Amino acid sequence: MTTAVLPGFVAPFVVHFDDLDAMGIVHNARYAVFLERALSQWWSERGHSYAGGRPTTSDVMHAVAEYSISYKAPVRGTGEIGVHFWIETLGETSAVYRFRILSADGRTVHAEGRRVNVKLDPRTLRPAPWSDDARAHASTLLSS
């Protein structure tokens, strides 16, 4: 997996047989799952996850407010790909992620898109500010 793709982070990811549709290409709905798993792993490694069925920090309490994706070239078959993501904008209560699904060598963009997360107060389910810790980690993913 190439690491020359910047800004953000490229998570190596493996496509499995059950990710494929009847034509032997990755089913369109799986791309959102690939992004979700890559983001979850990245944040978990930084202390923001679920353990014992409970959030480790309030920052994992967020909702996806918007999601869009453009498919460029099908992922054909199983094997390694890359999930490249970065934060385009970090607001008081929201984060705008951009992402690309890449070939293992990073030369082919299979899909690209945008996802907006809004952090929620666990009690009221209303928008709430990100913690200083989440902001510090998120800042490493900012595109500028």
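Leaving aside its neighbours within four places in sequence, which residues is Ser143 in contact with? Contact here means heavy atoms within 4.5 Å, and by that rule Ser143 touches Pro7, Trp86, Ile87 and Glu88.

Before going on, a word about what we are looking at. This is a predicted model, in which local features need pLDDT of at least 70 and side-chain atom pairs count only at pLDDT 80 or more, while totals for chains, interfaces and linings use all residues. Residues are numbered from 1 along each chain as its sequence is written, and side-chain values use heavy atoms, with hydrogens and water left out.

How confident is the predictor, then? The pLDDT, which is the predictor's confidence in each residue from 0 to 100, averages 95 over the chain, and 96% of the residues score at least 70. Over residues 1-5, however, the pLDDT is below 50, although in the model this stretch has 15 contacts beyond near neighbours in sequence.

Now to the fold. The chain has two helices and seven strands, where helices (H or I, at least four residues) and strands (E, at least two) are DSSP runs numbered from the N terminus. From the N terminus on, the order of these elements is β-α-β-β-β-β-β-β-α. The radius of gyration of the chain is 16 Å, close to the 15 Å that the globule rule gives for 144 residues, so the chain is as compact as a globular protein of that length; the radius is taken over C-alpha atoms, and the rule is 2.2 Å times the number of residues to the power 0.38. Of the contacts with a separation of 6 or more, 66% are accounted for by residues 24 or more positions apart.

Buried residues make up 38% of the 144 in the chain, with buried meaning under 20% relative accessible area, exposed over 50%, and partly exposed in between (1.4 Å probe, protein chains only).

Let me return to Ser143, which is found in the segment after α2 (132-139). Ser143 is partly exposed, with a relative accessible area of 34%, and its C-alpha atom is separated by 25 Å from that of Arg30, 113 residues apart along the chain.

Finally, Tyr67 sits in strand β4 (residues 62-71) and, at 32% relative accessibility, also counts as partly exposed. Leaving aside neighbours within four places in sequence, Tyr67 is in contact with Tyr31, Ala32, Leu35, Phe99, Arg114 and Arg115. Tyr67 and Leu142 are 75 residues apart in sequence, and their C-alpha atoms are 18 Å apart in space.
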